[in-house]
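The sequence and structure are shown first.

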Amino acid sequence: MKILLLGAGGFIGSHLVEHLLERGEHEIVGVDITAEKLEGISGSAFTFHELDIHEVPDDLVRESDVVVDLIAYANPSIYVEAPLSVYQLNFEANMRIVHHCVNHGKRLIQYSTSEVYGKAGNNTALYREDESDLVMGPVSKQRWIYAAAKQLLERVIHAYSLQGDLEFTIIRPFNFIGPRIDYLVPAGTMGGPRVFAHFMSALLEGGPMHLVDGGHVHRTFLSIYDANEAFQTVLDRPEARNEIYNFGNPSNDTTIRELSTLMTDIYTRLAGDPPRSEVVEVSGETFYGAGYEDMDRVPPDISKLVALGWEPQHDLAKTLELTIGYYLEQAREAATSA
Ligand code: UGA
């Protein structure tokens, strides 16, 4: 098959390219505005186009068998700072791709988000793809424009498929962690990337590790390597057509405070020395700006995907060890070449 991978240069995309090239089964056409994270990843079955999503020509879709769409703003700081841009990219620009797929009868694998489940409230159950309610905060908390745009995208894709005009699979990622996640920032920066990148910067530089609103909320983290295998499962299995899947690992549930401790312990073991970083509490409003609201917990039910034969293989410690190890290696290489 020829797979068109939109967002091939991002964290998830670059790992999918690497994974698919290793399997050697398909031709991959990648599109992104940057190829930075693809450095060192190449193969005769891979071609890359440096393009904005708005510039993706209809022909690229027509010539492919499957379109995988990963393009989106996905850092909460952007939802607060530039909510309109989030809607324009995550809904409007992605809709253009949906229309190309409808016009050419192509299967679309759309990456959405765990955030469509919204706020847990009193709900203590695991989130199920086809049963759980999706609960957003008020419009005045603009963070929710991201979840709302992704939810509407899912609903439109689903509506096309009900009409028999589109074959799709929707993937809801739950906090993937792995090498090349986001980007590192100077320790102490507010907003910006997601939590792993912030904590990693703090550990490497010995700066403050910010715990937003006490770090009491829960997340369930999934190793990027388990996420690759989950993708392979939905790509291969015919049962995954016109279905939605949670990609997560409920066994890796942790509070953000516990995550800071675990990352510090693993860093200390791998680096051989304790970091000089220290935990500093900060409010969500100070860290992200007015209009931020958090989710207390985001726990996936993964039985639907497990029924297709996939199972996560990396616990949280292993996931963090592999990723912290990667960044330590990068830092060592940078130090020796400096
Ligand atoms: C983000 C995206 O919005 C989701 O679409 C995406 O599915 C998810 O990441 C993901 O990675 O899959 P969120 O879980 O809120 O959502 O991402 P983070 O920015 O990593 O925040 C996690 C928690 O850590 C939040 O409570 C945040 O306030 C906190 N945090 C973040 C800190 O305590 N310190 C920091 O330095 C950064």
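In this predicted model, His 198 has a relative accessible area of 11% and is therefore buried, the cut-off for that term being under 20%. His 198 belongs to helix α6, which spans residues 195–205.

**Surroundings of His 198**
- A polar atom of the His 198 side chain lies 2.4 Å from the backbone oxygen of Gly 191.
- Leaving aside residues up to four places away in sequence, His 198 is in contact with Val 185, Thr 189, Gly 191, Gly 192, Pro 193 and Phe 287.

**Strands β6 and β11**
- Strand β6 (residues 168–173) runs parallel to β11, and 5 bridges join the two.
- Within this pairing, Thr 169 is opposite Glu 243 of β11.

**Helices α8 and α11**
- Two packed helices are described by the angle between their axes and the distance between the axes.
- The axes of α8 (residues 256–271) and α11 (residues 316–337) come within 9 Å and cross at roughly 50°.
- At that angle, α8 and α11 are therefore oblique to each other.
- The crossing of α8 and α11 is right-handed.
- Residues of α8 that meet α11 include Leu 259, Leu 262, Met 263, Ile 266 and Tyr 267.
- On the α11 side, the residues that take part include Leu 316, Leu 320, Glu 321, Ile 324 and Arg 332.

Definitions and conventions. Residues are numbered from 1 along each chain as its sequence is written. This is a predicted model: local features need pLDDT of at least 70, side-chain atom pairs count only at pLDDT 80 or more; totals for chains, interfaces and linings use all residues. Side-chain values use heavy atoms; hydrogens and water are left out. Two strands pair if DSSP finds at least two bridges between them. Helices (H or I, at least four residues) and strands (E, at least two) are DSSP runs, numbered from the N terminus. Buried means under 20% relative accessible area, exposed over 50%, partly exposed in between (1.4 Å probe, protein chains only). A polar contact is a pair of N or O atoms within 3.5 Å; within protein, one must be able to donate a hydrogen and the other to accept it, and residues adjacent in sequence count only if both atoms are side-chain atoms. Contact means heavy atoms within 4.5 Å. Axes are lines fitted to C-alpha atoms, for helices over the stretch in contact, and angles run from 0 to 180 degrees between N-to-C directions. Angles under 35 degrees count as roughly parallel, over 145 as roughly antiparallel, 65 to 115 as roughly perpendicular and the rest as oblique. A crossing is left-handed if the near helix is turned anticlockwise from the far one by less than a right angle, and right-handed if clockwise.
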